[in-house]
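Try each task before you read its solution.

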Amino acid sequence: MMKARFLGHACWQLSDGQRSIVIDPFLMGNPAAAARPEELQVEAILISHGHSDHVGDALSIAKRTGALVIGCFEVATYFQQKGVEAHAMHLGGAHSFPFGTVKMTPALHGSGLVEDGQMIYMGNPAGFLIGMGDRVIYHSGDTALFSDMKLIGRNRKIDLALLPIGDNYTMGIDDAIEAVKLLDPARVVPMHYNTFDLIRADAEEFKRRVLAETGAGCDIVAPGESIEV
Ligand code: NI
Ligand code: MN
């Protein structure tokens, strides 16, 4: 049994009762943030890509807690150069950590971070297939729909898929429904919507369509809420 706690936008904290990690900890400046960065106690921070609404407060959390930052080589190098411990991976690679396994999956998106007026190259955007406890959780990162999603859940059934539905920067509802069909997860939860006006989406419509058109269950999780997986 695992707990997935939604902290707003694309930020999720996953805990198995003993160990806890966070994905894309964008909290300061996030209108939907459900926690402050200094409240988080985690042993690892997964970063899907280098956009500021995903890198977020990773550096301050890593410095305070000593959490290991996990991301693609370019993201990991950025954090190492900032003086925190980071583990570099890349697309298609999996690795076992004390908290569980992480496989870095492709995402169709961009990845750059503006710092001091300069665009820093942050490598390829990614998603994560996470094995923790005896559960498998897929966090897609920011992505368009792509047909290879059908391969991501083929070896191990996805218990929970976390997918963007906010449109404009990522999949909207129509494409996210197609993604659910390809991934075939037991359950899906929408994310990356309603944080800003530009990514308004009707999660209830998404849920109705998931239940009507796919084999998956669907929960709408508000920032600050947790679900059992
Ligand atoms: Ni992004
Ligand atoms: Mn984003």
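**Exercise 1. Work out the geometry of the site of the nickel ion (ligand 1).**

Start with the angles: among the four donor atoms they run from 89 to 173°, and the site is irregular. Four donors count as tetrahedral if all angles lie between 85 and 135 degrees; four count as square planar and six as octahedral if opposite donors are over 155 degrees apart and all others between 65 and 115; anything else is irregular.

Next, name the donors: His49 (NE2), His51 (ND1), His109 (NE2) and Asp142 (OD) coordinate the nickel ion at 2.2 to 2.3 Å. Donors are N, O and S atoms within 2.8 Å of the metal (3.2 Å for Na, K and Ca), and sites may look incomplete, as water is not among the atoms. Along the chain the spacing of these donors reads H-x1-H-x57-H-x32-D.

Before going on, please note that this is a predicted model, in which local features need pLDDT of at least 70 and side-chain atom pairs count only at pLDDT 80 or more, while totals for chains, interfaces and linings use all residues. Residues are numbered from 1 along each chain as its sequence is written, chains are lettered from A and ligands numbered from 1 in the order in which they are written, and side-chain values use heavy atoms, with hydrogens and water left out.

**Exercise 2. Find the residue that coordinates both the nickel ion (ligand 1) and the manganese ion (ligand 2).**

The two ions are 3.2 Å apart, and aspartate 142 coordinates both.

**Exercise 3. Decide whether histidine 109 is buried or partly exposed.**

Recall the cut-offs: buried means under 20% relative accessible area, exposed over 50%, and partly exposed in between (1.4 Å probe, protein chains only). Histidine 109 has 24% relative accessibility, so this residue counts as partly exposed. Histidine 51 is partly exposed too, at a relative accessible area of 24%.
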